Amino acid sequence: MDHTKNFTTPLVGSAGIPALGFGTWELKGSDGVEGVATALNMGYEHIDTAQAYHNEEKVAEGIKESGVDRDKFFLTAKIFPEDGHFEPEKFIEQAKISQDRLGTTPDLLLLHWPDPDVALERTLDAAQKVRQMGLTKHIGVSNFTIEYLKRALAYEPEIVCNQVEYHPFIDQSKLESFMREHKMALTAYSPLARGDAFDSDVLKKIADETGSSVSQVTLAWIMARGHICIPKATSKDHIADNLKSRDLKLTDEQIDQISALRSSSGRKIDPDFAPEWDDSAA
Ligand SMILES: NC(=O)c1ccc[n+]([C@@H]2O[C@H](COP(=O)([O-])OP(=O)(O)OC[C@H]3O[C@@H](n4cnc5c(N)ncnc54)[C@H](OP(=O)(O)O)[C@@H]3O)[C@@H](O)[C@H]2O)c1
């Protein structure tokens with residue numbers, strides 16, 4: 001199952017993950033089906049879903065409705081640490097359930113959040129089995145801090161990606177350096193800061209300079225930093241707008257101006273069960 005040779009989007013990391021993907025959090029019901037079908041038909045080559053989004057069947061319907069061949073896109077899925085799902089037997093069971101709901105094998109399966117209640121090595125052992133069983137091609141993690149990554153890599157060096165909150169207003173520089181050093185792909189979630197990007201004067205100014213949109217500028221900045229981004233959009237116009245970010249090249253000066261927006265208090269997603277983050281001043 002080698003999809004990589006068919007992609008036109010730049011690829012990141014050892015798993016060859018297309019740098020622009022389509023996020024599906026909150027895309028439920030017909031929005032989920034239409035969003036995925038529209039994105040695939042427009043040329044997105046990466047779809048991001050999760051058990052916790054309760055839309056895996058809708059993603060599957062969208063894939064079917066699009067008529068796009070399976071080898072033309074990369075699919076990321078995630079298992080959430082609830083109801084003991086990170087216990088080894090349950091993890092394997094959940095991977096089978098996801099494959100079944102999606103109607104296809106994900107290319108990448110992520111541990112959605114660290115689970116302080118189950119030894120990480122036990123879950124990673126199950127994840128290795130899931131990969132051997134052909135229930136995913138690659139394994140990765142999400143919302144992992146440097147401490148969690150160190151422990152994970154000591155047990156399983158083939159963790160291909162960490163999906164974390166990343167946009168112009170959050171300072172992830174410590175985590176970013178560690179991940180670069182370990183050649184691990186970074187997938188930026190909430191890349192538009194859940195809409196806050198549209199209020200930034202700096203991003204608006206660069207959008208004017210480049211004749212593009214704030215969204216394109218923000219996503220192009222993330223890709224210029226060597227990362228993957230997975231914006232979520234509901235309307236066709238937004239889905240199309242974001243896709244054009246692949247063609248936008250920012251100058252070094254513009255990249256630096258955007259990087260200067262980062263702050264240690266810019267995090268948007270911080271639930272009670274989150275680990276102690278690595279955010280730091282730039
Ligand atoms: N691993 C994790 O724990 C985790 C956590 C959060 C998110 N994620 C993933 O990351 C994806 C993206 O993050 P997100 O959904 O939090 O937020 P986001 O992508 O940063 O922002 C989505 C918001 O931006 C708007 N938008 C999108 N494109 C636009 C455009 N071109 N012009 C104007 N507005 C635009 C959307 O509006 P419309 O919808 O109205 O178009 C929506 O309100 C999620 O869907 C999910 O797949 C993962």
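What share of the contacts in the protein chain with a separation of 6 or more comes from residues 24 or more positions apart? Such pairs account for 75% of those contacts, where contact means that two C-beta atoms, placed from the backbone, lie within 7 Å.

Before going further, please note that this is a predicted model, in which local features need pLDDT of at least 70, side-chain atom pairs count only at pLDDT 80 or more, and totals for chains, interfaces and linings use all residues. Residues are numbered from 1 along each chain as its sequence is written.

Now for the overall form. The C-alpha trace of the protein chain spans about 55 × 45 × 35 Å along its principal axes. Its radius of gyration is 18 Å, which agrees with the value near 19 Å that a compact globule of 282 residues would have; the radius is taken over C-alpha atoms, and the globule rule is 2.2 Å times the number of residues to the power 0.38.

Let's turn to the ligand. It is surrounded by 27 residues, with G23, W25, L192, K232 and T234 the closest; a residue is near a molecule if its C-beta atom, placed from the backbone, lies within 6 Å of it.

Finally, have a look at D278. This residue counts as buried because it has 20 C-beta neighbours inside 10 Å; the cut-offs are 20 or more other C-beta atoms within 10 Å for buried, 12 or fewer for exposed, and partly exposed in between, with C-beta atoms placed from the backbone. Leaving out residues up to four places away in sequence, D278 touches T145, I146, K174 and L175. From K249, D278 is 29 residues away in sequence and 29 Å away in space, C-alpha to C-alpha.
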